[in-house]
Each structure stands twice: as C-alpha cells, then as structure tokens.
Amino acid sequence: MTMADPTPSQPRPEQCASNRCRRAARSDSLRRRPAAPGARLCGPCKRALAADLTALPALHEESEQRLVLPARQGGLARVTGHRPDTPPVSDAALDARHDAVVRLASWARLVLDEDPAAGAPPERSVPELAVFLGRHIDFLAAHPAAGPAADEIARTATALRLVVAPPRPGLVPLGRCVEPDCDAEVSLPGRGGDELVLRGPMCGAGHVLTPRQWLLMNHRQSTLETKESA
C-alpha cells in the first residue's frame, strides 16, 4: 500500500506591518492580522491610515485656535505705558503643527521619488499633503515602509487630537477656601502643566487664591491637623 503524498502546506500570509496589530497581539486583545493581498498592512490598519489622513486637515486647522494659551483666570489686565504683554503660546500646539507638516512632507517625498504615477508635488501644507497621500494610499500600503508610514501618521493625528481636546487633569484637593463666606474646596490640577502655571489654586466657587491666601490656607490646615492629633 502506497502512502499518499502529503498536501503541501499553504504559505502563511505576511503579517500586518503596523504597530497597531503588534501592540494588540502583545496585549492578547487581538490576534495580529495578515496583510491584505498586495499590501503590507491589513484591511483595518489601511482603513485607519485613510481615516487619519482624512482627519488631519481639520485637526490642523482647529489646532491653530489652541496656539495662544488662555489668559489668567480672575486676573486684572496690567495697565502700563508700554505695549501689552505678548500672550503665552502653547509649545505643544506649535510642535504638533510643525511635526505634522514635516512628517507628511517626508512621506509625500517618498511617494514622489518612487511612484511613477505620483503626479505633481503638493503644496507644503497639511491639507494638500494629506489629500496627496490619501490619493496614493495603495502605494503607501504596499511599500516596504508601510508600517512606519502608518504608525507615524497615526502619531501625528494623535498629537493634534491631544492639542484640540486635551484630557482634563485630575484635581488634587488642598483644603477649604479662605475667601469670606466661602467654604468651597480649593484644588490644583494633579499633573500640573500650563493650567497650573496660568490658573493657580482655585476653589469650586471660582475664587483664584493669591500666594498669600494659599499660605494662609496651608497654615489654617496645619493648625487644624495639629488640634485633631492632640
């Protein structure tokens, strides 16, 4: 009796090159997906890349409104014989907007250098670069650098989203307000940052404490704790 030849095994599909799939596989939340035919990204990661490119023009435009940090709450405008102080600028917004142009321009240059059908180069602006890369997403998804391209464009979109809608820091309670007839809780942003520098301690009723009031509140809190421990 002759043994039949074993059926040759099918070649395993190449895995998606994006870190989205790698991270999911490491966390056991999702099996790493194979790349789509003719590409180095899986279908969901390619769609995520397309969504990021579509969202970038609006995110970049909206981030312009976050360049100037808000004025100090509860403060009075300083009146002097000189020109008013220049409003503070958000370094995070500046960096995210600058990086968006630089990174998109870098990937657009790759397409222009290596894709014969790339056409005319786009203007060096986020809307033009994002639209250009969106038109050539099939080329990007099949390129050996598809994974880094998808990951870097995702980071670019995430940085702008954080500028447009930053997460609110948790508040650290400091004690009761020292303003007359106010018993609201005074708090500070738990992670500090621009909001801490510009706002300072503020109670739930909206009173912004001066440094002297803050010291008074700390002294009152220390006295109360000493009495309770006695």
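How many helices and strands are there in the chain? I counted 8 helices and 3 strands, taking helices (H or I, at least four residues) and strands (E, at least two) as DSSP runs numbered from the N terminus. I noted that this is a predicted model, in which local features need pLDDT of at least 70, side-chain atom pairs count only at pLDDT 80 or more, and totals for chains, interfaces and linings use all residues. Residues are numbered from 1 along each chain as its sequence is written, and side-chain values use heavy atoms, with hydrogens and water left out.

**Entry: whole chain.** Read along the sequence, I get the pattern α-α-α-α-α-α-β-β-α-β-α. Buried residues (under 20% relative accessible area, 1.4 Å probe, protein chains only) make up 34% of the 230 residues.

**Entry: H3 and H6.** I looked up the axes, which are lines fitted to C-alpha atoms over the stretch in contact, with angles from 0 to 180 degrees between N-to-C directions. Those of H3 (residues 91–114) and H6 (residues 146–164) come within 9 Å and cross at roughly 155°. H3 and H6 are therefore roughly antiparallel (angles over 145 degrees). For contact I used heavy atoms within 4.5 Å. On the H3 side I find, among others, Ala96, Ala100, Leu104 and Trp107, and on the H6 side residues including Ala149, Ile153 and Leu160. The residues of this contact divide into 12 nonpolar, 1 polar and 4 charged. Here Ala, Val, Leu, Ile, Met, Phe, Trp, Tyr, Cys and Pro count as nonpolar, Asp, Glu, Lys and Arg as charged, and the others, Gly among them, as polar.

**Entry: H2 and H4.** The axes of H2 and H4 come within 8 Å and cross at roughly 175°. H2 and H4 are therefore roughly antiparallel to each other. I list Leu53, Leu56, Pro57 and His60 from H2, against Val126, Pro127, Ala130, Leu133 and Gly134 from H4. This contact has 7 nonpolar residues, 2 polar and no charged.

**Entry: the core.** I took a nonpolar core as a set of buried Ala, Val, Leu, Ile, Met, Phe, Trp, Tyr and Cys residues joined through side-chain atoms within 4.5 Å. The largest has 40 residues, of which Leu41, Leu56, Leu104, Trp107, Leu133 and Ile153 touch the most other members. H2 (43–63), H3, H4 (126–135), H5 (137–142) and H6 each supply at least two residues. H3 gives the largest share, 11 residues.

**Entry: Trp107.** Which residues does Trp107 touch, not counting those up to four places away in sequence? I find Leu133, Leu140, Ala145, Pro148, Ala149, Glu152 and Ile153.

Technical notes: Parallel < 35°, antiparallel > 145°, perpendicular 65-115°, else oblique. Buried < 20%, exposed > 50% of the residue type's maximum accessible area, 1.4 Å probe, protein only.
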